[in-house]
Amino acid sequence: MHLAFFLLLAASLARFLLRHPWAERGGWVVALSAALALLYVLGPRTAAPARRGRMWLVAVVAVWMVLVVLAPSFALCAVPLLYTGLRILPPRAALVLVALLTVFVVVALQKLADSGVDPILLVAPPATAAIATAVFVHAQRQADRQRALIGDLLRTRRELAATERREGTLAERQRLSMEIHDTLAQGLSSQRMLLQAADRTWDGDPATARRHVRTAASIAEHNLAEARRFVHDLAPADLAEGVGPAQALRALAARETTAELDVRFHAEGEGGPVPDRVASALLRIAQGALANVREHAGATTAAMTLTRLDDQVVLDVADDGRGFDPSAASWAEGVRGHGLPAMRARVAALGGTLTVESAPGEGTVVSASVPVEAPR
């Protein structure tokens, strides 16, 4: 637009000088052309505030009008001024400016006509001004709609990011609660039960009581290692230094075996390495299942079986305890404890399934099947 204005201004001045050899008004035309060019150059710098921009536009239009009166050929410079007015002025003032510019252009073109009044020159400038105004207004509305859509998109992205952060925070809280339940809380529960058993047998069977105390101390030592690992990277201590899930589950079975509960472990199948997330989840599920056996089942024997298939790993934890009804409302509503819901959440996060088979008086079997390639 700026380039078009200066080209039109130069062409109009050249036409005037070619058609009218230096006459008495030639100096004024040259001086006013230079003044109009200088004003237009200063416009982008001084037109930032609304009031100063309007004053600048009034000065430019006034100089242009004087030029048109002196030399009608400068009428074609109205096109860039029309768009400048539509951009700077309010709608009503812009329409008034468009009408004023159009009148000056029509009068100037009629003066330039060689033979009287030319009907085309009466109709063409208003039609051109109307089309230019309509195109500009349409473009402005489209731009406003685009800005609104971009603003909505940015707000939606911010809201989505905030929602994802909230969901991530909630998921992390849930994960931390499961980690604490499957490690520190279960260890403390085992210590409490062992110390209570030691207190009951201290006078009658000191050797058994001391064995309970030593077992509780061993669990406390392991819990301390779990707590330190928990603070460091939330990885199970049994899986440290490249230990596989089979070795970790075997160590868990040995640690959980007491005089009241015999825990056995058996591994079946061969395959490649198990991802860390899957191994960690299986160990936590085993810990949760054994905690339920100790606290609720009243069992004397528990068996853990780890089966490695081609595309999945299956962990079965069975006990010979009193059993329960899995379809009972109290279990479905989570009254039984945090253990089974936490197991289901862990397995679901890895794209696997958890099944619980039990009946009153017939023991319980918890089976977790997890794909080897767990979703991230």
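Which strands does helix α9 lie across, and at about what angle does it run to β3? That was my starting point today, and I looked it up before anything else.

**Entry 1: ground rules.** I am working with a predicted model, where local features need pLDDT of at least 70 and side-chain atom pairs count only at pLDDT 80 or more, while totals for chains, interfaces and linings use all residues. I number residues from 1 along each chain as its sequence is written, and side-chain values use heavy atoms, with hydrogens and water left out.

**Entry 2: the helices on the sheet.** Helix α9 (residues 276-297) lies across β1, β2, β3 and β5 and runs at about 10° to β3. My helices (H or I, at least four residues) and strands (E, at least two) are DSSP runs, numbered from the N terminus. For angles I use lines fitted to C-alpha atoms, for helices over the stretch in contact, and they run from 0 to 180 degrees between N-to-C directions. Contact means heavy atoms within 4.5 Å.

**Entry 3: the sheet itself.** I find 5 strands in an open sheet, ordered β1-β2-β3-β5-β4, with mixed pairing; two strands pair if DSSP finds at least two bridges between them. β1 (262-268) and β4 (353-358) are at the edges with a single partner strand each, so one side of each has no neighbour in the sheet. From one strand to the next, the twist averages 10°. I also noted that β3 (residues 312-319) and β5 (residues 364-371) pair in the antiparallel sense over 8 bridges, and that Gln312 stands opposite Pro371 in β5. Helix α8 (residues 245-256) packs on this sheet too, touching β1, β2 (301-308) and β3, and its direction makes about 165° with that of β1.

**Entry 4: aromatic pairs.** How many aromatic pairs does a search of the whole structure find? I get 6, taking rings of Phe, Tyr and Trp (its six-membered ring) with centres within 6.5 Å, and calling planes under 30 degrees apart stacked, over 60 edge-to-face and the rest tilted. Phe5 and Tyr40 have ring centres 4.0 Å apart and planes at 15°, so I log them as stacked. Phe5 sits in helix α1 (residues 2-19) and Tyr40 in helix α2 (residues 26-46), so their pair ties together parts 35 residues apart in sequence. Phe6 and Tyr40 have centres 5.5 Å apart and planes at 90°, so that pair is edge-to-face.

**Entry 5: the cluster.** Phe5, Phe6, Tyr40 and Trp56 form one aromatic cluster. Buried or partly exposed, I wondered, is Phe6? Phe6 is partly exposed, at a relative accessible area of 31%, while Tyr40 is buried at 4%. My cut-offs are under 20% for buried, over 50% for exposed and partly exposed in between (1.4 Å probe, protein chains only).
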